[in-house]
Structure formats: C-alpha cells, structure tokens
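Biologist: Please take one part of this model and go through it closely, contact by contact. Then place that part in the rest of the chain.

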Amino acid sequence: MKHRRYAAVLFALSALIMLPVGSSLAQHSGTSAHDLRIEQDKSLSDAERASMHAHLQACTELGLADDQLDVLFPQHEPQYSAAARLRMQERVIELAGEGLSVDLVCDKIGEGMMKHAPEPQIELAAQRMGEYVGAAHHYMESAREDGVSGLGDPVAEQHLERGLAMNMWRGLHHDELDDLRTRARERMQDGDCTLTDVAAAAETVTELKEIGVDGGLAMSLCGDALAEGYAAEHMRGMGHMAMYADMNGESGTEFCERLHEQIQAHAGFEHMQGT
C-alpha cells in the first residue's frame, strides 16, 4: 500500500515537471504562499522552478504541515543551492510517501539553516536522519514479527519510532539494537514484551552511553533488565538514577555496576531505589 502511494506521488511529480516551462504556477487552481516564494526565488532556473512547484504539490498531497513546508520552501533568501534543496525535498517526499514520519528530517534541515551549516553538512544530516527513520521503522516491524506486542495505535507507535531514530542519531548502534531484540525474545519465553519495553531499553542504553558508561555495560544492564521483565518505566528509572548519580559526582559506571548486580540477583526496581 505504501509503495503504491509513493508510486502515485512519483507519477504526479513527473507529470508536473513535464509541464511547459513557466506554466506550472499558471495551471495551479490556487496560488499558495509557498508557491509565491518559489516564483519570487530569482536563484532558480525555469526547470528548477517547475520541479520546486511539483515538490510542493507532492508535499501538500502527502499532508506535510505548514511549519514543515516553511523549512523546505523558506521565505528568506535561500542559503543553499537549488540542487541541494531539491534533493532534500525529494528525501522528505520519499519518506512521507512510504508513510514514515518526516518531523525529524525537517527538524534537522531547519536546525542546519538556523546555524548556517555548510551545504554538504546539512544534506548529510538530512540523509542520515532519513536513514535512521527508515531503520527505526524496519526495526519495529521486525520486532513485531518476533512476537513483540504492538500498541494498537499507529500514532503512538510512530512516536516510538521517532524516539528510536533519535537514539540512533545520538549513538545507538545497529548491533546494539539487534542484541535488544534477542533479549526481548528471551523475555517472551516467560511473559509479554511490548514495543514500549524495547524502546525504553534502547533509550536507556543511549542515555547511559552519553554520561560515559561503557557501551558493553550499558547493554548488559538494559538487556538483562529487558529479559528479566522490568517495566518500561523502571528501565527509564534506572537511567534517570544513573544520570542523577553522575551529576552528583558519583561514577555512572560504578553506579550501573551496582544496579547490574541487583538485576542479576533478581531484585525488584523498588529494592534498586535504595542502591
């Protein structure tokens, strides 16, 4: 279904781009503020302008919000070449056409524009984040195929996917995600495991690594907690306790080692709070 939707968008794009040069705006039933921005952009060739209009129509049909359109079709003097802007727009259209969230990609583009990031850097950021969004979606689908329970709410699941993509941006590795899937399967031998549980474990690994905890220790701690059946809020709680300890001058690594000993002793989260 997603691929048919994306194919339809591509067909519409190609049809618009093939319009006679200069006729794209005239043939629109209405002229939006974003269309006017494209028309007033003196840096564009006629062919680039037609492509921009086509991309705008595709984005509108795919339901992008006004603030996302403002990022892709900015009002101010363009900082980047038309070719770069078109490529970033195409990446967003591709993701949206597959039914994936484009929030994070648009955020990265907007952030780069605000910081006046070099063109190669902002393009790379948009490309990387797009890859992480796609990888997060695929990961969640694979987890469901393993038997991990979904949430029954597409909006909530997309929120988890966005969080997972951000964790990957912040340094969570693919092999670490694969290990968490293995631990989730262990958990399901004796009980239920949800996407929220897996996402909480991934988020906690990311946070622990950011305060300097070794990745292997962070994975052992969170992987064991996941396999032992700890609730999502308890796994997040372990991360918060470790960060609090770190802020107060205690070694985050030593604190996590003590937490890990408690998990290996099958202690409940309530007992850990006195660690």
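Modeller: Two residues are in contact when heavy atoms of theirs lie within 4.5 Å of each other. With that cut-off, take Ile-109. Leaving out residues up to four places away in sequence, Ile-109 touches Val-71, Leu-72, Met-88, Val-92, Ile-122 and Ala-126. Keep in mind that this is a predicted model.

Helix 7 runs over residues 119–146.

Begin with Glu-123, which is in helix 7. Is Glu-123 buried or exposed? The cut-off for buried is under 20% relative accessible area. Glu-123 has 19%, so Glu-123 counts as buried. Beyond four places in sequence, Glu-123 touches Ala-84, Arg-87 and Met-88. Met-88 is also among the residues that Ile-109 touches.

Next, Gln-127. Gln-127 lies in helix 7 too. Its relative accessible area is 35%, so Gln-127 is partly exposed. Lys-108 is 19 residues from Gln-127 in sequence. In space, their C-alpha atoms are 9.8 Å apart.

Now the rings. Two rings pair if their centres lie within 6.5 Å. By this rule there is one aromatic pair. The partners are Tyr-132 and Trp-169, with 6.4 Å from centre to centre. Their planes stand at 85 degrees, and the pair is edge-to-face. Planes over 60 degrees apart count that way, which is why the pair gets this label. The pair links distant parts of the chain: Tyr-132 sits in helix 7, Trp-169 in helix 8 (residues 154–169), and 37 residues separate them.

How accessible are the two partners, Tyr-132 and Trp-169? Tyr-132 has a relative accessible area of 16%, so Tyr-132 is buried. Trp-169 has 22%, so Trp-169 counts as partly exposed. The charged end of Arg-128 sits over the ring of Trp-169, 4.2 Å from the ring centre.

Now the setting. The protein chain has 14 helices and zero strands. Of its 275 residues, 47% count as buried. Take the contacts between residues at least 6 apart in sequence: 73% of them join residues at least 24 apart.

Helix 3 covers residues 46–61, 16 residues in total. At 1.5 Å a residue, helix 3 should span 22 Å; the end C-alpha atoms are 23 Å apart, so the two values agree. The buried residues of helix 3 include Arg-49, Met-52, His-53, His-55, Leu-56 and Cys-59. Gly-63 follows helix 3, and its phi is positive, near 90 degrees.

Further along, look at Arg-187 in helix 9 (residues 174–187). Its relative accessible area is 8%, so Arg-187 is buried. Gly-229 is 42 residues away along the chain, yet the two C-alpha atoms are separated by 6.1 Å. Gly-229 is also in contact with Arg-187. Others that Arg-187 touches include Asp-192, Asp-197, Tyr-230 and Met-235, with residues up to four places away in sequence left out.

Leu-221 lies in helix 11 (residues 215–227). At 0% relative accessible area, Leu-221 is buried. Setting aside neighbours within four places, Leu-221 is in contact with Leu-208, Met-238, Cys-256, Leu-259, His-260 and Ile-263. One of these, Met-238, is 17 residues away along the chain, with 9.3 Å between the C-alpha atoms.

Last, confidence. The protein chain averages a pLDDT of 89, and 86% of the residues score at least 70. Residues 15–29 have a pLDDT below 50; in the model, this stretch has 16 contacts beyond near neighbours in sequence.

Back to helix 7, then. Glu-123 is buried there, Gln-127 is partly exposed, and Tyr-132 pairs edge-to-face with Trp-169.

Methods: Residues numbered from 1 in each chain as written. Predicted model: local features only at pLDDT ≥ 70, side-chain atom pairs only at ≥ 80, totals over all residues. Heavy atoms only, no water. Helix = DSSP H or I, 4+ residues; strand = E, 2+ residues; numbered from the N terminus. Expected span 1.5 Å × (residues − 1). Buried < 20%, exposed > 50% of the residue type's maximum accessible area, 1.4 Å probe, protein only. Phe/Tyr/Trp six-rings, centres within 6.5 Å; stacked < 30°, edge-to-face > 60°. Lys NZ or Arg CZ within 6 Å of the ring centre and 35° of its normal. pLDDT = per-residue confidence, 0-100.
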